[in-house]
Amino acid sequence: LDLLFFEPGRTAEAAPGVYHHRSTDGGATWSARSLIAAAPYVRLATQGDVHLDLAADDSGRILATWDDPRTGLAQFAVSVDAGGAWASLSDADADELEATHAQLAFGQGGVALRLWQAAGADPLAGALQQRSLDGGLTWSVPERVWSGYSLGGLTLRPLTDGRLLAL
């Protein structure tokens, strides 16, 4: 189990930021928190602002996304060692298209999928999608999908045969 969360205030153990915990025993015990991004701005976040999502595959790759409460734009990070270390993904395509409300998933063969809504766009304009063949390190050119539908409330779930179910 993987848990992505904001730590909004400074504590004895941690500064404000975006963190990850992992459990390998069904939630009975948890790893020490792993800092993804130091971010004093998380103190500004409300439950409806953050849009946290993560996806993990069997090889230890984890993708994480959250909306920055200052800008409303999605931020992305990747870990290739089950959450031990994290790298921010600077993505010109997602930045230029002002990604928000991002969703992540791994499909068949380790292919990663990233869906998002463009900030300020008509919610019914559809989502944008990118695929990654290297576990989230690089991404394809964005393409518009699902015109006429909003991403609001969408959840992606991997199926055992490698396909993804959109709920």
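**From one residue to the fold**

Modeller: In this predicted model, L63, leaving aside its neighbours within four places in sequence, is in contact with D53, L54, A55, A77, V78, L104, F106, A112, G135, G136 and W139.

Colleague: In the largest nonpolar core, which residues touch the most other members, and which strand gives the most to this core?

Modeller: The core holds 15 residues, and L63 and F76 touch the most other members. At least two of its residues come from each of β6 (74-79), β8 (99-106) and β9 (112-118). With four residues, the strand that gives the most is β8.

Colleague: How many residues are in the other core, which lies apart from it?

Modeller: Its members include V42, V50, A77 and W86. The number of residues in this other core is 14.

Colleague: Why is one side of β4 and of β7 left without a neighbour in the sheet?

Modeller: The open sheet has four strands in the order β4-β5-β6-β7, paired antiparallel. Because β4 (53-56) and β7 (87-88) stand at the edges, each has a single partner strand.

Colleague: Over how many bridges do β4 and β5 pair, and which residue of β5 stands opposite D53?

Modeller: Strand β5 comprises residues 62-67, and its pairing with β4 is antiparallel, over four bridges. The residue opposite D53 is T65.

Colleague: What percentage of the protein's residues are buried?

Modeller: The protein comes to two helices and 13 strands. Taking buried as under 20% relative accessible area, the share of its 167 residues that are buried is 43%.

Definitions and conventions: Residues numbered from 1 in each chain as written. Predicted model: local features only at pLDDT ≥ 70, side-chain atom pairs only at ≥ 80, totals over all residues. Heavy atoms only, no water. Buried < 20%, exposed > 50% of the residue type's maximum accessible area, 1.4 Å probe, protein only. Pairing = 2+ DSSP bridges. Core = buried A, V, L, I, M, F, W, Y, C linked by side-chain atoms within 4.5 Å. Contact = heavy atoms within 4.5 Å.
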